[in-house]
Amino acid sequence: MGEVQLLHNYLVVGALLFGIGLVGLLARRNMIVMFLCAEMMLQGVSLSLVAWGRYHNNFDGQVLVIVILTVAACEAATALALVLMLYHHTDRLDIADWQSLREANQPAFIDEELPADIHPKPEWPELTPAGREAPLSPEKQDELRHRLHV
């Protein structure tokens, strides 16, 4: 396989990664999925830069990719903090919920109303702390009383 063919293959894969990430970024409203799609776009660009660096037989592409990865790590930390803040504020990860975080003098831009939250909040079972016996349900208490007398 020649160098040009290898460069072509890398660029095709990089373009596919970038395109899939772009479609996902534009089509989805969940902030975590959008963030992952942006990361996929960055990986597509990084792959293309490494391929061009290899084709020209120098390390400029690799150095730029290292810089991009460093910036992406900082971006990931900032984005995670923002996502957690929004989730604690609204209990949802929909990007349209950012409307509530705008400045007070800015009008709201709503192109589509948010659907009503039809899912009730789940009730999670509580675990008893280690070393303690869990309280018994009334059925279990009756069963134990019955076993003691039989």
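Trainee: Which residues line the second largest pocket?

Mentor: Quick ground rules: this is a predicted model, where local features need pLDDT of at least 70 and side-chain atom pairs count only at pLDDT 80 or more, while totals for chains, interfaces and linings use all residues. Residues are numbered from 1 along each chain as its sequence is written, and side-chain values use heavy atoms, with hydrogens and water left out.

Now your pocket (on a 1 Å grid over the protein atoms alone, an open set of points with protein on both sides within 12 Å along at least five of seven lines; lining residues have an atom within 4 Å of a point). Its lining is made of Tyr87, Thr90, Asp91, Arg92, Asp117, His119, Pro120, Lys121 and Pro122. Sort that lining by class and you get four charged residues (Asp, Glu, Lys, Arg), three nonpolar (Ala, Val, Leu, Ile, Met, Phe, Trp, Tyr, Cys, Pro) and two polar (the others, Gly among them).

Next, some residues elsewhere along the chain. Glu123 sits in the loop between H3 and helix H4 (138-149); helices here are DSSP runs of H or I with at least four residues, numbered from the N terminus. With a relative accessible area of 78%, Glu123 is exposed (over 50%; under 20% is buried, in between is partly exposed, using a 1.4 Å probe and protein chains only). From Glu123 to Leu136 you count 13 residues in sequence and 19 Å in space, C-alpha to C-alpha.

In helix H4 itself you'll find Leu144, which is partly exposed at 43% relative accessibility. Leu144 and Ala116 are 28 residues apart in sequence, and their C-alpha atoms are 46 Å apart in space.

Helix H3 (60-90) includes Ala79. Ala79 counts as buried because its relative accessibility is 17%. Between Ala79 and Arg145 there are 66 residues of separation in sequence and 56 Å in space, C-alpha to C-alpha.

Asn57 has a phi near 60°, a positive value in a residue other than glycine. Asn57 is exposed too, at 71% relative accessibility.

H1 (residues 3-27) and H2 (residues 31-55) pack at about 165°, with axes 7 Å apart (axes are lines fitted to C-alpha atoms over the stretch in contact, and angles run from 0 to 180 degrees between N-to-C directions). That angle makes H1 roughly antiparallel to H2 (over 145 degrees; under 35 is roughly parallel, 65 to 115 roughly perpendicular, the rest oblique). The crossing of H1 past H2 is left-handed (the near helix is turned anticlockwise from the far one by less than a right angle; clockwise is right-handed). Their contact brings together 21 nonpolar, six polar and two charged residues.

Finally, the structure has one cavity of 30 Å³ or more (a set of points where a 1.4 Å probe fits but cannot get out). About 30 Å³ of space lies in this largest cavity, and Glu3, Leu6, Leu7, Tyr10, Ala51, Arg54 and Tyr55 line it. H1 and H2 each give at least two of the lining residues, with H1 giving the largest share, four. In class terms, the largest cavity's lining has five nonpolar and two charged residues, and no polar ones.

Technical notes
Points joined across faces, edges and corners; volume = space filled by probe spheres on them.
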